[in-house]
Amino acid sequence: MSATALEDLNLAHIAKQQFDAAVPFTSDLEGWRGVAEWIFKPEKITKVNLPVVMDDGYVHTFLGYRVLHDTLRGPGKGGFRFHPMVDEDEVTALATWMTWKCAITDIPFGGAKGGVACDPHALSAGEKERITRRYIAALGDAIGPHSDVPAPDLYTSEQTMAWAYDTYSMMHAGANNLGVVTGKPLHVGGSEGRATATAQGVLFVIERMVEMGAIPALSTLEGTEVAIQGFGNAGRNAAKLFRAAGAEIVAVSDTKGGVYDPAGLDLTRVEQHKDETGSVVDVSGTKELDPLEVLEVPCDILIPAAMESQITTANANRVQAKVIVEAANGPISPQADAILGDNGIPVVPDVLSASGGVVVSYFEWVQNLANEHWPALQVHERLREKMYHATDAVVTKRAALIDNLEHYQEQWSKVQPDSPGPERPTLRTAAHVVALEKCRQTASHRGIWP
Ligand code: NAD
């Protein structure tokens, strides 16, 4: 059996491993352990069967989920996706990571996530609309502007959010319901900058880390070579923004494959080709790649912006990037994380670098509650401030944890003599520590009722 076959890629297990790596670094271990277990567990899991009349008249029953992970710091917040692989464990892990993202960026939300198990490529626009409306209707008051606020994710878009808002609003007439979902079109209460927010957040994080000297192999973004897996909301916008920041985009990919040009791709041509043919594959003058090969090209910055579990034990040793910045959620398995660490390739974790979307979703929600519309520059600058601040917190935390590693190991061995002590923390572990400390502080002030 190969190493890959033995690798556990269950996302809920992965989220737990990442959390467990952080727990020994949180202070007051005696009082903390029980609270940590509570904070990690999802608050509520909603599962709905959705009968939908397909274009051919067949009634297909789709399975949908919404997981509310945590409301300690505010209402639930997180996207919903359309994908065949959607299941309870996946949605729960994604909801958990949303809690950490909101805490790290210091926005007053907890975590949530949703999804419908379906193949978006096989659905017409009408079928997608009917699935969306039935999903939102079935969730009923499990979502709401002050309880749980969905947003777009994989294969859902601002159009999906417009249908979601319209459905909820028809069911709650007579109120301002704009804050029930974010990522809406501009003329349906959307925010400036939301469409590009995830990618912009990725750029702000890396820009700040370079400025801080936190990535030894990179002293500037100018002229850096960037490879990106995924050419949707996160990946395509990242390509454009990194190019505008002076980087060369050497490779991009989508489900059908990838294209590579070590001299730098002509992005305008790639975008035009994607719009005309539905894929980036076959742009003339470029080398064709298999979908996963994009992760292995020589480059300075690698941005996985497609799906989870893309870098595993099967390919981690072949990654040639100087740094990986996660735009997708969960693209790297824990074992691959360890291999990359051994190979000296730092990973900027999703819970930090992929949080620009939720930050601008928060801005959209604030605008919706106040019936306001902020100018693009205001959104941009506020996002920069949030992302820089979050980056500073994670980088500084990691340095402090490393400085005090012996202390944490000693403390842990007193409380848990039989379990392995904390290891030298990665940026991912430091980000989790930042999040857990914030959730724990809120928990200790609020107390546990009754
Ligand atoms: P999207 O639907 O807009 O685009 C997905 C892209 O990934 C498409 O180009 C698709 O062809 C490509 N893709 C899918 N599977 C692939 C594979 N196996 N190999 C190569 N390419 C593949 O989705 P998105 O919103 O850009 O989301 C991408 C990732 O970013 C997801 O992990 C999502 O959870 C994460 N994310 C999105 C947001 C957001 O605001 N949209 C925010 C944070 C994180």
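1. Strand 1 and strand 2 (residues 59-70) pair in the antiparallel sense over 10 bridges. Pairing requires at least two DSSP bridges between two strands. Within this pair, Asn-49 stands opposite Leu-63 of strand 2. Strands (E, at least two residues) and helices (H or I, at least four) are DSSP runs, numbered from the N terminus.

2. This is a predicted model: local features need pLDDT of at least 70, side-chain atom pairs count only at pLDDT 80 or more, and totals for chains, interfaces and linings use all residues. Residues are numbered from 1 along each chain as its sequence is written, and side-chain values use heavy atoms, with hydrogens and water left out.

3. The sheet is open, with five strands in the order 1-2-4-3-5 and mixed pairing. Strand 1 (44-53) and strand 5 (148-152) are the edges; each has a single partner strand, so one side of each lacks a neighbour in the sheet. Twist averages 20° from one strand to the next.

4. Helix 4 (residues 88-104) packs on this sheet. It touches strand 1, strand 2, strand 3 (76-82) and strand 4 (111-117); contact means heavy atoms within 4.5 Å. Its direction makes about 150° with that of strand 4. Angles run from 0 to 180 degrees between N-to-C directions, and axes are lines fitted to C-alpha atoms, for helices over the stretch in contact.

5. The axes of helix 12 (residues 356-370) and helix 13 (residues 376-403) come within 10 Å and cross at roughly 130°. That makes helix 12 oblique to helix 13 (under 35 degrees is roughly parallel, over 145 roughly antiparallel, 65 to 115 roughly perpendicular, the rest oblique).
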